[in-house]
Every structure is written in structure tokens, then in C-alpha cells.
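Open the structure in your viewer and keep the selection tool at hand. The stops below say what to select and what is there.

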Amino acid sequence: MIFEGKAHKYGRDVDTDVIIPARCLVTTDPDELASHCMEDMDDEFIRRVKQGDIIVAGENFGCGSSREQAPLAIKATGIACVVASSFARIFYRNAINIGLPILVCAGVAAEAGTGDSIRVDLDRGEVTNLTRDKVYQADPFPGFMQEIVTAGGLMSHVKRKLGQ
Amino acid sequence: MAEAMTITEKILARACGREDVSAGEFVNAGIDLALANDITAPLAIKEFESAGIDKVWDPERIALVCDHFVPNKDIKSAEQAKQVREFARRQGIGRFYDVGRMGIEHVILPEMGLVGPGDVVVGADSHTCTYGALGAFATGVGSTDLAAGMATGEVWLRVPETIRFNYHNVTGRYVTGKDLILATIGRVGVDGALYQAMEFAGEAVAAMPMSGRFTMCNMAIEAGGKNGIIEPDEVTMEYCRGRMRREPLLFSSDNEAVYARVVDVDAAMVRPQVAKPHLPANAVDAVDLSDVSIDQVVIGSCTNGRIDDLRMAAEVLKGHKVAEGIRTIIIPGSQSVYLQAVKEGLVDIFIEAEAAVSTPTCGPCLGGHMGVLAAGERCLATTNRNFVGRMGHPESEVYLAGPYVAAATAVTGHVAVPQEVLG
């Protein structure tokens, strides 16, 4: 799978409270959640984001609360992929489980700026900053997780297992 | 002969039916207890039901606690709690805790003996790591993981590397588990233990009551940890006696166990801590912040809502009044903590000090209700996170501390150590 879009660049330790504030957790509707995504840290985000765009961030993206509404909200804004130097572990699991593509790729965030054109080749684990003409290699998914991704998310994987 | 293992590895080896496991391996572990709350359960239920699964794997081993937005703060939160209530009824889940019978999940589950040494606990709440204080492997997951756990009774896990934290010597007066963990997060950073187990040990931990141990393990997630854990000892066993109806499984780390690293802390040198906005790692000595004025104090939460925490607060507040212009909100973590506080006269002390005392709820900690902050307001709380907008307006600020500092701050109106009030 290949995505190409504009970068929305953030720093390190982007927590799930700023991705989707708790006051918005009174719904499980992805579109309603998306309308508040990032608003406490970047109220321009939701106006700026376009289908297929890419979030580029530093270390520890998605730290804090386990709320799965965070990756759900990001996914429903149209963001195609989150590329970060590292992810907090619950966010990482949640993103894999719900099918929000993510890549661990150090270096991209340090050199990218908001608005840069980014190309992500998920299968090859390759991130290209087209604006700056630089190619980065992401960490590969462990095989175990690849199975979940291939199955189309955790629940499909579970259904397959229970069906056996 | 099995490999030398840490306590975390031993618990996971047992849970996946193996003689040994080592860090970095992926395993499917059997779950002893799966947990969700009124914010995370609705999504888990949606996933569970839309996958077409009829029955949970074991209704006896699922706990659903409505604690975040209850008593319901608005119509939407009432609808969410209703979904959880109805799911519990449909699935025959007896361990469903609602208003009047509930408390903050991480306070009530240990209190009722539903979690104990050797267990594997997964909870759709990041502070599930609290139960590591009992010598259990407990970790936070998302709603879909929880849905899968409710369906299969298993969870996939990567066996974490362990960082061993040795707290040498004993803590000084008014220095609690909260101060040790804030100092620790300050030292390693908010991702200093990313994906790793944080094993707390040493003289200061051995001398610590269960309440302080729960506080320490509770905040392992604030350093990015997968779980916090303390080897069970006499203090643990004393706590479990009369609560647990199962035989506890006691594990401890082998002397030759492999650690990612060992961090030594001289507990005697740690002074009351405060984490400044907007990260739990911004810990400094409370005495250095005496020029910081505060609008609101919150004492409670899954981090510090136990009876010992309320006793500490009462020790400082007794015979004093909350300073002019300060709002102080005290929230017992469970109905039984609340009742105990009433019986001991702590609630009298709080009300006479002009603090508000409420029914158990997570409420203000996550900016839900019961103490949401306006723009520019500053709160000192015994909670666990001080991220931007955590307790309300994105321009409000949260300082984190233990109950002694919180109560002293309530009395003085600025960040204070208890000695300032008690002499």
C-alpha cells in the first residue's frame, strides 16, 4: 500500500489527551470524535487536514491514556498513516488493532516540516519526503503483528482463530 | 532447568503454559481478569458485537466498572453507562459496579480481592498497571484488545525487558510512594521505560504500605512502562488475607535474572515532589515551588484515593481551613474508603476545613466533571497526568503531588510542604 499526502508535523510526547480530550469521550462515533481531533494543541488541524495526509511526529507518540478513541479519531480525519520516531505502547497496539497504518521511523520528524509532501510505502517500510528529496527506512513490523495487520485488524484475526 | 527469570517473565511463562519465556518473545497469555470502564467498554462492546461474537469467554473473569463519568455527568455519558449496564446483564457479568456500589476501578478491584499475586490482568484503562503492586502482571490495553480478550480469554503480549529500580534506605518523614515515583519518572523521563517492566524493590519499598505500592505501580505508565511490579512479601500477603478467594501465586525474580538496566535510588534523599505542567517527568522538590499560587486542589484518583491517602490529607488539614480563594475537592476512591473515612472522622475534618467531599469518581482527573478547570486556572492534584488540557481548558495547568503536599497547598494557597503547616 502506498500513501502520498501532506505532512502534519508534531514534536515528541503527543499524548492521547491532546489527540482527543476526555470531554469528547461521550461518543464512539468516529466522525464526531474526528471533529475534535488535536483541537487542544492545534485547532487548525481539523480545518487543514485532507484525506490521505500523514502525521509526522517525534518520540512517544500517543502516550498517556489507553483511549482507543485517539487512533479512531485520527483515522476518521482522513489521515492515512502516522509516522513517528517511537510510539507509546498502548497507542501502537490500538492503531494496529483498528487498522490505522503506523510506522516507526526515526529521522523523518527531525527533518520534515508541516506541509511537506510525504510518500509512504507500507509494504516496503519506506518513507520519502518528496519536498526534501530524502528517503528513510522504517522499522519492520514483527511477524506476529503482521498477521494481525494482514487479517485486517485484531477482531478479524480473533474471528478467524475462534472459527478454527 | 528453566532459565533465570524476572517476576514478570515467570508470571507470563505460567500464563502461556511454558516453562520459561524471555524478553522480546511474543506470547499468547491466558487472562485471569479483564477489565473495562464506562469510557472504554462501550467501544469494546461495539467491537465485540460487530464481530458477531455471542458470549464472553468467562463472565466470572470480567469486571466492568462505571467510574469515569459517573454519577453520569450528562445525557451522553448516561447513555454510555447504560450500554455497559445492559451488556453486563446480557452476558451475565456479575462484576459490574455501578453508582453506590462502585469506586475507582483500580481502587476497588484489589480491595475486593478480584486481583492478586501471580495474575495476568488486562484492562482497557492505562492505569491497570496498578495491580503490579500485588505481584501481578497487569497492563493497560485498548478497547479492541479488551474485546478480543473478552472473546478468547487470551491476550497477545511481547514479553517486556525489565528495569529494576532499587530504592535504598528508607524515606524521610512525609515522603511517600508518590514522591518516589515522581522522582523516578523525573529521572528516566516519560518514555524512559517504554515497552518495559518497571520492577520496584529495595528497603524503601519493603517498608512501604500497600497504598504507596499501588501509587508507584499505578504511575509506571507515565514512564511509558508496560507494567510496574513489586515482588509479593508479608505486606502483600497481609493485604490479600480475607480478600482473595483464590490461592495467591507467589513469584519473585531470580538472582541471575537479566535486566535491561538497574537504577539505584537513595530513597532517603528524595524530598516531597511536585511535577510541573505539562509532563509527569517535570518533577522538582516541592519546596522550590513555594511561589506558585494554586486555584484548586484535588485529592483522590486511582493514584491516591485510598484510605491512607485520606489519612495523610487529614493529618495536615485537621484544625485548619482551606485558604481563602482555594477550592479543595476530596474524592475517596471507593465506597469502603468513603465509609472508613466517615468512621474515622476524616470527613468531619475535611468538611470543617471547608473542602468538598464527593462520591467516588475519576471525574476531575481527566477533566470529566467534578472540578473542571477554566482558562488560566492552576490545580495541584494527587492524580497522575498533567498534560495540556488534562483537567479542563487547554490553558489551565496541573501540578502533580502526593496527599501531604496537596493538603498543605490547600491550607496555604501556594505549593507547600506539610512542615509549613504542621511545623
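Start with B:Arg246, which counts as partly exposed at 37% relative accessibility. Bear in mind that this is a predicted model.

B:Arg246 and B:Asp119 form a salt bridge, with their closest N and O atoms 2.9 Å apart. Is B:Asp119 buried or exposed? B:Asp119 is buried, with a relative accessible area of 3%.

Stay in chain B and select strand β3, residues 62–65. B:Ile62 and B:Leu64 lie on one side of the strand, B:Ala63 and B:Val65 on the other, and all four are buried. In a regular strand, side chains alternate between the two faces of the sheet. Next select strand β2 of chain B, residues 33–37, which pairs with β3(B) in the parallel sense over 4 bridges. Within this pairing, B:Leu35 stands opposite B:Ala63.

Move to chain A and select A:Glu4 and A:Arg119. Their salt bridge has its closest N and O atoms 3.8 Å apart. A:Glu4 belongs to strand β1 (residues 2–9) of chain A and A:Arg119 to strand β5 (residues 117–121) of chain A, so parts 115 residues apart in sequence are tied together. A:Glu4 is exposed, at 52% relative accessible area, while A:Arg119 is partly exposed, at 27%.

Then select A:Asp40 and A:Arg23, whose side chains meet in a salt bridge of 2.6 Å, N to O. Here A:Asp40 is buried, with a relative accessible area of 10%, and A:Arg23 is partly exposed, with 33%.

The last stop is the interface. Show both chains: 45 residues of chain A are in contact with 52 residues of chain B. The area buried between them is about 3,900 Å², with carbon and sulfur atoms giving 60%. Which residues of chain A lose the most area to chain B? They are A:Arg89, A:Arg93 and A:Met155, together 19% of what that side buries.

How many salt bridges are there between chain A and chain B? The count is 5. To see one of them, select B:Glu154 and A:Lys161, whose closest N and O atoms are 3.4 Å apart. On the side of chain A that touches chain B, the largest share, 7 residues, comes from α5(A). Finally, select A:Arg12, A:Asp13, A:Glu59 and B:Asp191, which are linked in a network of salt bridges.

Conventions: Residues are numbered from 1 along each chain as its sequence is written. Chains are lettered from A and ligands numbered from 1 in the order in which they are written. This is a predicted model: local features need pLDDT of at least 70, side-chain atom pairs count only at pLDDT 80 or more; totals for chains, interfaces and linings use all residues. Side-chain values use heavy atoms; hydrogens and water are left out. Contact means heavy atoms within 4.5 Å. Buried area is the accessible area (1.4 Å probe) that two parts lose on being put together, summed over both. A salt bridge is a side-chain nitrogen of Lys or Arg within 4 Å of a carboxyl oxygen of Asp or Glu. Helices (H or I, at least four residues) and strands (E, at least two) are DSSP runs, numbered from the N terminus. Buried means under 20% relative accessible area, exposed over 50%, partly exposed in between (1.4 Å probe, protein chains only). Two strands pair if DSSP finds at least two bridges between them.
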